[in-house]
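Here is a short briefing on one protein chain. Please look at the structure first; the notes follow by topic.

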Amino acid sequence: MAYYFAYGSNMNAARVVARIGETRRALLGWLEGHRLAFDKASRVAGIAHANVQPASGSQVEGVLYELATPEQIELMDPFEGRPHEYERHLHAIDTHEGVIEAWVYVALPERTAEGLKPAREYLDHLLGGESLLSKAYFTRLAAVEAEHSLDDATLAQLGLSRTSPR
């Protein structure tokens, strides 16, 4: 089986279905030794996408999708900007069922910057993983400072829409 670990906007299962089709299942997973960062520069100045950075003693919670077919990860690549924005790596993901190796997208270092904020609509996709995330992690996500009031054209540049999960 192939697995994909989502820590960003793809924690919203509807977004994943719209992008790559149905998956077999979704479960809580966590990537040890990393922290969540909103440092992946987007196409819009000052706006971030999620990324994971190595950080000893930290962990990133996310949604671990068991893919229906191994090829589904390749369908996700264009949405993640692979290979120009993010690269895909296999990482050990801890779950309540044990450790499962999964694909994780990590931003290329030259695509990161400090002082960025996610768009509110982007952050809402992360919050879509609420049913699987721990209450403490969800609360921290909900408290992230986000950019509000972006117009539809700017949201489209970010790959976001008020009317579609894709």
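His89 touches Ala102, Trp103, Val104 and Val106, leaving aside residues up to four places away in sequence; contact means heavy atoms within 4.5 Å. This is a predicted model, in which local features need pLDDT of at least 70 and side-chain atom pairs count only at pLDDT 80 or more, while totals for chains, interfaces and linings use all residues. Residues are numbered from 1 along each chain as its sequence is written, and side-chain values use heavy atoms, with hydrogens and water left out.

- His89 lies in strand 4. Helices (H or I, at least four residues) and strands (E, at least two) are DSSP runs, numbered from the N terminus.
- His89 counts as partly exposed, at 36% relative accessibility. Buried means under 20% relative accessible area, exposed over 50%, and partly exposed in between (1.4 Å probe, protein chains only).
- His89 and Glu101 are 12 residues apart along the chain, and their C-alpha atoms are separated by 9.9 Å.
- Strand 4 (residues 86-95) pairs with strand 5 in the antiparallel sense, over 10 bridges. Two strands pair if DSSP finds at least two bridges between them.
- A hairpin of 2 residues joins strand 4 to strand 5.
- Thr95 has Gly98, in strand 5, as its bridge partner.
- Arg88 lies over the face of Trp103, at 4.5 Å from the ring centre. A charge sits over a ring if NZ of Lys or CZ of Arg is within 6 Å of the ring centre and within 35 degrees of the ring normal.

**Aromatic cluster**

- A pair of aromatic rings is described by the distance of the centres and the angle of the planes.
- Rings of Phe, Tyr and Trp (its six-membered ring) pair if their centres lie within 6.5 Å; planes under 30 degrees apart count as stacked, over 60 as edge-to-face and the rest as tilted.
- The count by this rule is 2 aromatic pairs.
- Tyr4 and Tyr65 are stacked, because their ring centres are 6.1 Å apart and their planes lie at 15°.
- This pair links distant parts of the chain: Tyr4 is in strand 1 (residues 3-6) and Tyr65 in strand 3 (residues 47-66), 61 residues apart.
- Tyr4 and Tyr105 form an edge-to-face pair, with 5.8 Å centre to centre and 80° between the planes.
- Tyr4 lies in strand 1 and Tyr105 in strand 5 (residues 98-107), so this pair ties together parts that are 101 residues apart in sequence.
- Tyr4, Tyr65 and Tyr105 form one aromatic cluster.
- Both Tyr4 and Tyr65 are buried. The relative accessibility of Tyr4 is 3%.
- Tyr105 is also buried, at 2% relative accessibility.

**Overall fold**

- The protein chain has 5 helices and 6 strands. From the N terminus on, their order is β-α-β-β-α-β-β-β-α-α-α.
- The radius of gyration is 15 Å, close to the 15 Å that the globule rule gives for 166 residues, so the protein chain is as compact as a globular protein of that length. This radius is taken over C-alpha atoms, and the globule rule is 2.2 Å times the number of residues to the power 0.38.
- The C-alpha trace spans about 40 × 35 × 30 Å along its principal axes.
- Buried residues make up 49% of the 166 residues.
- Among contacts between residues at least 6 apart in sequence, 72% join residues at least 24 apart.

**Helix 3**

- Helix 3 (residues 120-127) has 7 of its 8 residues buried, so it is largely enclosed by the rest of the structure.
- The buried residues are Arg120, Glu121, Tyr122, Leu123, His125, Leu126 and Leu127.
- They pack against helix 1 (13-20), strand 2 (25-41), strand 3, strand 6 (117-118), helix 4 (135-142) and helix 5 (152-157).

**Loops and backbone**

- The peptide bond from Arg82 to Pro83 is cis, with omega near 10°. Pro83 lies in the loop between helix 2 and strand 4.
- Ser149 sits in the loop between helix 4 and helix 5. Its phi is near 65°, a positive value in a residue other than glycine.
- Ser149 is exposed, with a relative accessible area of 74%.
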